[in-house]
Amino acid sequence: MAESVVIGAGATGVATARQLADSGERVRLITRSGSGPDHPGIERIALDAGRTDELAEALAGAATVFNAAMTAYQTWPETMPPLFASILTATERAGADYVMLGNHYGYQQTTGPVTERTPMTPHTRKGRVRAELWRQAKDAHDEGRLRVTEVRAGQYLGPGAVSAFTLLVAPRVREGELALVHGNPDAAHAFSYTEDVAAALVAVSGDERAWGRGWHAPVITTTLRQAATDLAELHGAPEPRLEPLTERDMTLLSFTDPLWREFAEMSYMSERPFLVDDSDIRNTFGLKPSTLRAALAA
């Protein structure tokens, strides 16, 4: 049986580990705490992935390493580069293939749909972090040190998913309460269902055509209002009441949690349509997104 390692037990990391194990692979799931699903095909390992030597030992014998790790959102510029450098180095030492989970932050701001060929020249701090993490991995691939690919996802939907929608909107909508939203609730946006993203990670890991480039996970293009409306109907809740967060709201929230002040620089993705072209992964691997209803029902 093939053996894979998944680093990170967020919603997508867990879904990836479970899909791999369900297909018959032996899976090691690495997190700081050793958390993860109880599955006969998944071995849970408690390890700080920033400890390169220890991580390289834990990766020994793996055919593929999936990096679904994430640090606290407000600390990305300081904490993501050393963590990803450690994972890249350890994977190279282990002689494994390397599959990264990314997002759309690294692209140049544009008015049209984002494709994998949109320049990775972002104007935000977090965007620059994402672009640089990919550049370092791609350089290692081009130098022949290991094989690398990346799957880039949008705003998450799904069990355990963490996103502006799951944090701000979903709980309020289910309770029939007013939901304050980040951005324009009627602007079309690219959402990603965690199970679809996991399927994309698994698909690219097993295909020679995947290496050396990034891929967009299948996206569900809809508005926040439509997602809220469908969620309310699924839960028998009243029609959603949505109002945009004001600058004052964001300031007050930032006093309770530094996460909220980080939303401001990414506002361009939520105040107007942010469209993502996923045709490459559809046409190459035959992957399609789940329906919005299916993602919300899960």
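1. In which strand is the place of Leu-180? Leu-180 belongs to β8, which covers residues 179-181; here and below, helices (H or I, at least four residues) and strands (E, at least two) are DSSP runs that are numbered from the N terminus. The model is predicted, and local features need pLDDT of at least 70, side-chain atom pairs count only at pLDDT 80 or more, while totals for chains, interfaces and linings use all residues. Residues are numbered from 1 along each chain as its sequence is written, and side-chain values use heavy atoms, with hydrogens and water left out.

2. Leu-180 has a relative accessible area of 31% and is therefore partly exposed, given that buried means under 20% relative accessible area, exposed over 50%, and partly exposed in between, with a 1.4 Å probe and protein chains only. Once residues up to four places away in sequence are set aside, Leu-180 touches Leu-168, Glu-243, Leu-245 and Asp-249, where contact means heavy atoms within 4.5 Å. Leu-168 is twelve residues from Leu-180 along the chain, and their C-alpha atoms are separated by 6.7 Å.

3. Ser-290 is placed in the loop between α9 and α10, and its relative accessibility of 23% is why it counts as partly exposed. Apart from neighbours within four places in sequence, the residues in contact with Ser-290 are Tyr-193, Asp-196 and Ile-220. Pro-218 lies 72 residues from Ser-290 in sequence, with a C-alpha to C-alpha separation of 8.3 Å.

4. The whole structure holds six aromatic pairs, a pair being rings of Phe, Tyr and Trp (its six-membered ring) whose centres lie within 6.5 Å; planes under 30 degrees apart count as stacked, over 60 as edge-to-face and the rest as tilted. One of them joins Trp-76 and Tyr-105, a tilted pair at 5.7 Å centre to centre with 40° between the planes. Because Trp-76 lies in helix α3 (residues 76-94) and Tyr-105 in the loop between β5 (97-103) and α4 (125-142), this pair ties together parts that are 29 residues apart in sequence. Both Trp-76 and Tyr-105 are buried.

5. The pair of Trp-215 and Phe-285 is edge-to-face, because the ring centres are 4.9 Å apart and the planes stand at 70°. Trp-215 lies in strand β10 (residues 214-216) and Phe-285 in helix α9 (residues 279-285), so parts that are 70 residues apart in sequence are tied together by this pair. Trp-215 is buried, with a relative accessible area of 2%, and Phe-285 likewise counts as buried, at 16% relative accessibility.

6. The charged end of Lys-126 is found over the ring of Tyr-73, 5.0 Å from its centre, and Arg-130 lies over the face of Trp-76, at 4.9 Å from the ring centre; the rule asks for NZ of Lys or CZ of Arg within 6 Å of the ring centre and within 35 degrees of the ring normal.7. Grid points are joined across faces, edges and corners, and a volume is the space filled by probe spheres set on the points. By this rule there are three cavities of 30 Å³ or more.

7. The largest cavity has a volume of about 50 Å³, and its lining consists of Phe-84, Ala-85, Leu-88, Tyr-98, Met-100, Leu-133, Gln-136 and Ala-137. At least two lining residues come from each of α3, β5 and α4. By class, this lining has seven nonpolar, one polar and no charged residues, with Ala, Val, Leu, Ile, Met, Phe, Trp, Tyr, Cys and Pro counted as nonpolar, Asp, Glu, Lys and Arg as charged, and the others, Gly among them, as polar.

8. The second largest cavity, with a volume of about 40 Å³, is lined by Gly-102, Asn-103, Gly-106, Met-120, Arg-130, Glu-150 and Arg-152. Its lining divides into one nonpolar, three polar and three charged residues, and β5 and β6 (148-153) each supply at least two of the lining residues. Arg-130, which takes part in this lining, is also the residue over the face of Trp-76.

9. At least two lining residues come from each of α5 (164-174), α7 (224-235) and α10 (292-297), and α5 gives the largest share, four residues. The lining of this pocket has nine nonpolar, four polar and one charged residues.

Note on methods
On a 1 Å grid over the protein atoms alone, a cavity is a set of points where a 1.4 Å probe fits but cannot get out, and a pocket is an open set with protein on both sides within 12 Å along at least five of seven lines; lining residues have an atom within 4 Å of a point.
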